[in-house]
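Here is a short note for someone opening this entry for the first time. Please keep the sequence and the model in view while reading the points below.

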Amino acid sequence: MSEPLVLGIESSCDETGVGIVRGTTVLAHAVASSVEEHVRFGGVVPEVASRAHLEAMVPTLEQAYAQAGLDVSEVDAIAVTCGPGLTGALLVGVAAAKALALAHDKPLYGVNHLAAHVAVDQLEHGRFGERVVALLVSGGHTELLLVDDIATDITLLGATIDDAAGEAFDKVARLLGLPYPGGPQIDRVAREGDPTAVDFPRGLTTGRDLERYRWDFSFSGLKSAVARHVQHEQRMGREVSVPDIAASFQDSVCDVLSKKAIAACVAHDVPRLVLGGGVAANQRLRHYILERAEAAGVEVRIPPPSLCTDNGAMVAALGAELVARGVAPSSLDLPVDSGMPVTQIVAA
Ligand code: KG4
Ligand code: ZN
């Protein structure tokens, strides 16, 4: 049988994404973002995101059909993110996917957003073939996963116990007077700063914390430490060096993320690491990961930035994998699940 042709729809946060793939080949990759509408609030406003999805859904579908030179009547299946994410936002994508599946009599797969973030790498670097460790870092999630089989078997090793990595970047950027989304801003100004200027804490990396939370992360203490440092400098009448603070903060986040990710590969004897999520674009994180991976003999797979951030091609990529494996489709009355666990790759 030829590789399955699958349409994927993503609407879990602020990107409306529609992708079409054949197996591991991308035929269409259309994304509309509502990020501009959230800038003045300094973070994603769920109601604003839902409305933006509603407005962008049909034009984004049409853009994807035009890119691929085909439409939904020709695909083998439709995949859609049904969780985790913002409930109202998820509902728009799921409603669209159900309507298309019903109207065109296509199997429907409600898939897990996190698993899709991992699956997308196969569009760039080919099938995993073997077990991989995945580090997902974005505005909404920070997870370390052991992926035995992208279609059937994912184990959650650890996750953030408070803020997501990208969320920490966004909050610290705001504190430093940088615009939203803060990750790319901090990445940019940090290049002019000294990463050793301020010795910020590295959460859950020593003693009892490390024992208890070996594969977990915590960034809220770091965020508070940055706030206290800025206040202290101001009280002392000293000028605050935004580049130095940005570089030192970024160094703490990336040091911890890369150390735990590589340690997980070594501990589980899996010399392959996949990176995903918006924060995977960070220069310092890439530097640390590549350096430490090389020292540990770990191969690193990082999809290009446009596939790391939320998109529909990643959903289609996971859908194609499910179809190829003969996994049963979801029910047409599948619900959205804002807290869908990563162990559940496809909804019943
Ligand atoms: O994956 P994504 O587009 O959306 C979700 O949150 O699901 O990730 C967006 C997050 C934001 O928090 C943004 O600040 C962060 O990724 N980000 C970065 C960089 N580019 C985006 N964080 C650090 N460095 C970057 N270069
Ligand atoms: Zn995401």
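**Notes on selected residues**

1. A polar contact of 2.9 Å joins two side chains, those of Ser34 and His38. The model is a predicted one.

2. Ser34 counts as buried because its relative accessibility is 4%, and the cut-off for buried is under 20%.

3. When residues up to four places away in sequence are not counted, Ser34 touches Asp14, Ala49 and Ala52.

4. The UniProt record, an unreviewed entry, gives the feature "binding site" at Leu136, Val137, Ser138, Gly139, Gly140, Asp170, Gly183, Asp187 and Asn282. Of these residues, Ser138, Gly139, Gly140, Asp170, Gly183, Asp187 and Asn282 are included in the lining of the largest pocket.

5. Two of the annotated residues deserve a separate look. Gly140 belongs to the loop that runs between strand E6 (132–137) and strand E7 (142–149). Is Gly140 buried or exposed? Gly140 counts as exposed, because its relative accessibility is 63% and the cut-off for exposed is over 50%.

6. Asp187 is part of helix H7, which covers residues 182–190. At 8% relative accessibility, Asp187 falls under the 20% cut-off and therefore counts as buried.

7. Which residues is Asp187 in contact with, leaving aside neighbours within four places in sequence? They are Gln250, Ala281, Asn282 and Gln283.

Notes
Residues are numbered from 1 along each chain as its sequence is written. Chains are lettered from A and ligands numbered from 1 in the order in which they are written. This is a predicted model: local features need pLDDT of at least 70, side-chain atom pairs count only at pLDDT 80 or more; totals for chains, interfaces and linings use all residues. Side-chain values use heavy atoms; hydrogens and water are left out. Buried means under 20% relative accessible area, exposed over 50%, partly exposed in between (1.4 Å probe, protein chains only). A polar contact is a pair of N or O atoms within 3.5 Å; within protein, one must be able to donate a hydrogen and the other to accept it, and residues adjacent in sequence count only if both atoms are side-chain atoms. Contact means heavy atoms within 4.5 Å. UniProt positions are given in the numbering used here, feature names are shortened, and annotations may be inferred rather than shown by experiment. On a 1 Å grid over the protein atoms alone, a cavity is a set of points where a 1.4 Å probe fits but cannot get out, and a pocket is an open set with protein on both sides within 12 Å along at least five of seven lines; lining residues have an atom within 4 Å of a point. Helices (H or I, at least four residues) and strands (E, at least two) are DSSP runs, numbered from the N terminus.
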